[in-house]
Amino acid sequence: MESYEIFKSLAIIIIAAKLFGICARKINVPQVVGEIIAGLLIGPSILGWVDNTAFISQMAEIGVILLMFSAGLGTDLKELRQTGTVALLLACAGVLVPLIGGTAYYMIFYNVRSFSSPDFIEAVFVGTIMTATSVSITVETLKELGFLKSRLGTTILSAAIIDDVIGIIVLTFVISFRDPSVRISAVFVQTALFFIFAIGVGFVAYKLFQVVDKRYPHTRRIPIAGLALCFAMAYIAEALFGIADITGAYVAGIILCSISDSDYIARKMDINSYMLFGPIFFASIGLKTDLADFSLSMLWFSIGFMIVALAGKVIGCTLMALACKFNFRDSLTCGVGMMTRGEVALIVAQKGLSVGLISPVYFSAVILLILVSSILTPVLLKLLLSGSQVQPVSVDE
């Protein structure tokens with residue numbers, strides 16, 4: 001391919017992704033679904049206008065890093081402290097039940113009988129995809145109903161944040177286990193060392209950014225330095241500790257989420273992500289989705305995958321909320337609020353594809369899950385919350 005051909009591909013990707021993203025938003029479906037469908041349409045499976053070249057894959061990888069950095073920047077540590085133990089327990093249940101359910105489902109569907117089989121790691125990875133939570137739809141619904149700042153709303157949001165942190169750690173372990181020569185003890189040690197390193201670097205970086213932020217507030221050097229920290233942490237995580245690069249990017253966002261200009265950094269990152277890297281990443285999912293291998297068996301697998309993923313979140317979080325003394329309706333609301341999936345599920349699936357854990361055809365199952373959960377969640381939340389009384393957040397929780 002001539003070097004200038006990439007500009008044509010980028011133009012097609014951006015126009016198609018944005019056009020389909022806007023159409024998706026008009027029918028109350030997440031824009032990412034429209035962008036993925038755009039990639040599928042213009043990709044090799046249908047029209048063949050754009051190929052998934054190495055350059056586009058690298059641009060998509062930058063998109064992933066920026067998305068995870070923005071997710072870290074959006075973390076509210078004060079909310080985490082307010083909801084405390086309850087959110088942590090909800091998050092653990094919201095990860096554990098779908099992880100076990102997804103692993104068991106894959107093993108049953110494909111008749112995997114041995115835990116030592118290479119297929120078992122693939123089964124665990126399918127469960128790992130199910131652990132991700134995206135509460136953007138939930139946030140909008142809770143805001144519309146006036147429950148966003150309630151005890152229930154704050155608990156759901158905090159649990160979703162912790163859920164993603166735990167899910168990313170699980171992803172790190174699963175990716176490490178793809179190599180049979182890797183010892184479990186070594187993975188634990190590497191992960192622990194990375195987080196010790198991240199705490200040390202994070203403290204120093206946070207103090208430096210505080211000083212710079214106080215002296216030069218709202219200047220472009222702050223988001224530029226933040227972006228450099230994001231890429232540096234992504235590189236260090238993967239190259240020095242064997243941890244997924246998206247984990248490093250996410251940690252970089254958490255390091256900076258409490259400085260005064262964190263929102264300013266997030267807005268600058270969103271410009272890059274919204275205009276270029278985000279559409280390329282989500283369109284690249286469609287470009288990589290291989291419909292040639294999509295069969296009736298895969299259709300049944302996708303439907304079962306969706307059911308297990310939705311039920312796993314609802315059952316796990318509802319039961320844990322009941323154990324934490326929530327009433328049944330509020331407990332069920334927690335479960336429903338946690339069942340939406342979005343960008344993080346796609347990022348996890350993309351990471352699995354890049355390291356050879358899954359085939360591109362499985363993206364169809366993830367897309368179906370995102371689509372159905374995004375439609376069902378607001379409908380069920382409105383039914384559950386209609387007539388409920390808003391309970392304020394207690395700072396002692």
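Tutor: Before we start, a helix here is a DSSP run of H or I with at least four residues, a strand is a run of E with at least two, and both are numbered from the N terminus. This is a predicted model, where local features need pLDDT of at least 70, side-chain atom pairs count only at pLDDT 80 or more, and totals for chains, interfaces and linings use all residues. Residues are numbered from 1 along each chain as its sequence is written, and side-chain values use heavy atoms, leaving out hydrogens and water.

Student: Okay, where is Asn 111 found?

Tutor: Look at phi for Asn 111: the value is positive, near 55 degrees, in a residue other than glycine. Helix 4 covers 77–109 and helix 5 covers 118–131. Asn 111 sits in the loop between helix 4 and helix 5.

Student: And His 218, is that one buried or exposed?

Tutor: Its loop lies between helix 8 (184–215) and helix 9 (221–241), and phi of His 218 is also a positive value, near 55 degrees. Buried means under 20% relative accessible area, exposed means over 50%, and partly exposed is in between (1.4 Å probe, protein chains only). His 218 has a relative accessible area of 52%, so it counts as exposed.

Student: How many helices and strands does the protein have?

Tutor: Count the DSSP runs along the protein. You get 15 helices and 0 strands.

Student: What is the angle between helix 2 and helix 11?

Tutor: Helix 2 is residues 31–42 and helix 11 is residues 262–288, with axes 6 Å apart. Axes are lines fitted to C-alpha atoms, for helices over the stretch in contact (heavy atoms within 4.5 Å), and angles run from 0 to 180 degrees between N-to-C directions. Among the residues that meet are Val 32 and Glu 35 in helix 2, and Gly 278 and Pro 279 in helix 11. The angle is about 55 degrees.

Student: Which residues touch the most other members of the largest nonpolar core?

Tutor: A nonpolar core is a set of buried Ala, Val, Leu, Ile, Met, Phe, Trp, Tyr and Cys residues joined through side-chain atoms within 4.5 Å. The largest one has 102 residues. The ones touching the most other members are Phe 301 and Phe 305.
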